[in-house]
Amino acid sequence: TYEVFQMCFIGGQGATLALCLFMTFLAKSKRVKTVGRAALIPSIFNINEPTMFGLPVVLNLSLIIPFILAPMVNAITTYIAMNLGLVPLCNGSVVPWTMPPIISGFLATGSIAGSILQLINIVLDILIYLPFMAALNKRQIVEENEAK
């Protein structure tokens, strides 16, 4: 059901909320940090076009692996947690796609465990994106220094 997708695609396709959090709070490149600040609020509401085209993620081969891997890990984590009974199955309520994470996890499962699962998925996504974004961040810093 659609509610399970909200547990996996946190911040939009590719689970890009973690990417925006990295860009906003951990990036050293001025360009990457600026895009992160502009894209963070929309990403919280699962709107990831500012990230997709501002960074860009589209046609960026250095980000294709985490873009595909993060939702897969989220789906596996969600499946295991629900299959083991740690998180209740989605209750069938219609949660709008723009509902921010944590709130949507609670509404979809009817339990605080759904919110905790989304937090765990966000942390896992940050860890997945971290090495790829660190490399991209270094390249951006070199380009910014060469431009000066």
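User: Leaving aside its neighbours within four places in sequence, which residues is Val57 in contact with?
Analyst: In this predicted model, Val57 touches Leu19, Thr51, Met52, Leu63 and Phe67, leaving aside neighbours within four places in sequence. Contact means heavy atoms within 4.5 Å.

User: How should I read the numbering and the values?
Analyst: Residues are numbered from 1 along each chain as its sequence is written, and side-chain values use heavy atoms, with hydrogens and water left out. As this is a predicted model, local features need pLDDT of at least 70 and side-chain atom pairs count only at pLDDT 80 or more, whereas totals for chains, interfaces and linings use all residues.

User: How many residues has the largest nonpolar core?
Analyst: That core has 24 residues, and those with the most contacts inside it are Met23, Leu55, Val57 and Met133. A nonpolar core is a set of buried Ala, Val, Leu, Ile, Met, Phe, Trp, Tyr and Cys residues joined through side-chain atoms within 4.5 Å. Buried means under 20% relative accessible area, exposed over 50% and partly exposed in between (1.4 Å probe, protein chains only).

User: Which helices each supply at least two residues of this core?
Analyst: They are α2 (17-25), α3 (30-44), α5 (64-83) and α7 (112-147). The largest share, 6 residues, comes from α2. Helices are DSSP runs (H or I, at least four residues), numbered from the N terminus.

User: Turning to the backbone, which peptide bond is cis, with omega near -10 degrees?
Analyst: The bond from Leu55 to Pro56 is cis, with that omega value. Pro56 lies in the loop between α4 (49-54) and α5.

User: What about Leu59, buried or exposed?
Analyst: Leu59 is exposed, with a relative accessible area of 84%. Leu59 also sits in the loop between α4 and α5, and its phi is near 60 degrees, a positive value in a residue other than glycine.

User: And Ala15, where is that found?
Analyst: Ala15 is in the loop between α1 (2-8) and α2. Its phi is near 50 degrees, again positive in a residue other than glycine, and Ala15 counts as buried at 0% relative accessibility.

User: New topic: how many disulfides does a search of the whole structure find?
Analyst: The search finds 0 disulfides, a disulfide being a pair of cysteine sulfur atoms within 2.5 Å. For Cys8, the nearest cysteine sulfur, that of Cys90, is 9.0 Å away.
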